[in-house]
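Thanks for coming. I have one structure to go through today, so please look at the screen.

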Amino acid sequence: MDKYEEFKKNVYKLIKLDLSSYKEKQMKRRITSLVTRNNYKDFDDYFLALKKDEKLFNQFLNYLTINVSEFYRNENQWDILEKNILPDLVKNNKKLKIWSSACSTGEEPYSLVMLMTRFYKLEDITVYATDIDVEIMEKAKIGIYNEKSIKSLPKEFVIKYFEKLGSNYKIKDEIKDRVKFSRINLLEDKFLTNCHLVTCRNVMIYFTGQAKDIMYHKFRESLTNDGVFFVGSTEQIIKPNEYKLKPIKTFFYTRA
Ligand SMILES: C[S@@+](CC[C@H](N)C(=O)[O-])C[C@H]1O[C@@H](n2cnc3c(N)ncnc32)[C@H](O)[C@@H]1O
């Protein structure tokens, strides 16, 4: 048996993370580069070290997928969200339950809070932000970003909700306080329920078709009847009706 197969089994036993649900070629290449970069002989050797060394383990988790994010990523879609999607949701609901489901360093959930200030008072806004990687969410909680990551964010939000920190930008507590971070492994854990808006952007691309199938069903179940599922710009769902979803706009789906 290939030692990678054994490695996948060991990782699953250790942290319930099923590496087989990620596209194999890409994942194996990334992990192999970690093994060699850290000077381990093979997957066995690397796994033994992972078990003992928390820093190495965090590096491994960080490396599974790319963590890069930005505020208002693919800004046109945020415009559609504001002008075409949210007005109906806001009209029909006093408060919205919003879930950013692979939130990385926080740009997405914080963007959602800022956008929601156009519809609700700050104290009435809550965004649930989850990721498999707890370390990355610690960065999100600190909330310091470089100039590049805020380039698509409306200028009024930059002025109102950030403080300049040298060449960086620190997000203000009034926005941070509206986001609740917690760990959810999308492959294993229960999803949130009764959500009016769920984002799952730029993570599905890493998963196999089979894993995606299961997740689309679960995302559908996480929505309210009028709830909306917002996906990434390369992640349109090919046959949404298979998951009892229907498109309302490109990249936005609701229950069929
Ligand atoms: C490229 S980031 C996406 C950030 C943001 N949604 C965006 O579109 O800019 C991908 C994130 O998916 C997370 N991720 C990978 N596998 C996951 C899993 N099984 N469950 C939850 N999150 C996962 C990674 O930790 C990473 O933070």
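This is a predicted model. I'll start with the overall layout. The C-alpha centres of domain 1 and domain 2 are 28 Å apart. Domain 1 covers residues 3-64, and domain 2 covers 75-255. Where the two meet, domain 1 supplies nine residues to the contact and domain 2 supplies 11 residues. On the domain 1 side, the residues touching domain 2 divide by class into three nonpolar, three polar and three charged.

Seven strands make up an open sheet with mixed pairing, and their order is 6-2-1-7-8-10-9. Which strands stand at the edges? They are strand 6, residues 179-183, and strand 9, residues 245-249. Each has a single partner strand, so one side of each has no neighbour in the sheet. From one strand to the next, the twist averages 25°.

Let me stay with strand 6. Its link to strand 2, residues 127-131, is parallel and consists of five bridges. Within that pairing, Ala129 has Phe181 of strand 6 as its bridge partner. Helix 7, residues 134-142, packs on the sheet here and touches both strand 2 and strand 6. The direction of helix 7 makes about 165° with that of strand 6.

Last, the ligand. How many residues surround the ligand? There are 21, and the closest are Ser69, Ala102, Ser104, Arg201 and Asn202. By class, this shell has nine nonpolar residues, seven polar and five charged.

Definitions and conventions:
Residues numbered from 1 in each chain as written. Predicted model: local features only at pLDDT ≥ 70, side-chain atom pairs only at ≥ 80, totals over all residues. Near = placed C-beta within 6 Å. Nonpolar A, V, L, I, M, F, W, Y, C, P; charged D, E, K, R; others polar. Domains from an automatic or database assignment. Contact = placed C-beta atoms within 7 Å. Pairing = 2+ DSSP bridges. Helix = DSSP H or I, 4+ residues; strand = E, 2+ residues; numbered from the N terminus. Axes fitted to C-alpha atoms, helices over the stretch in contact; angles between N-to-C directions.
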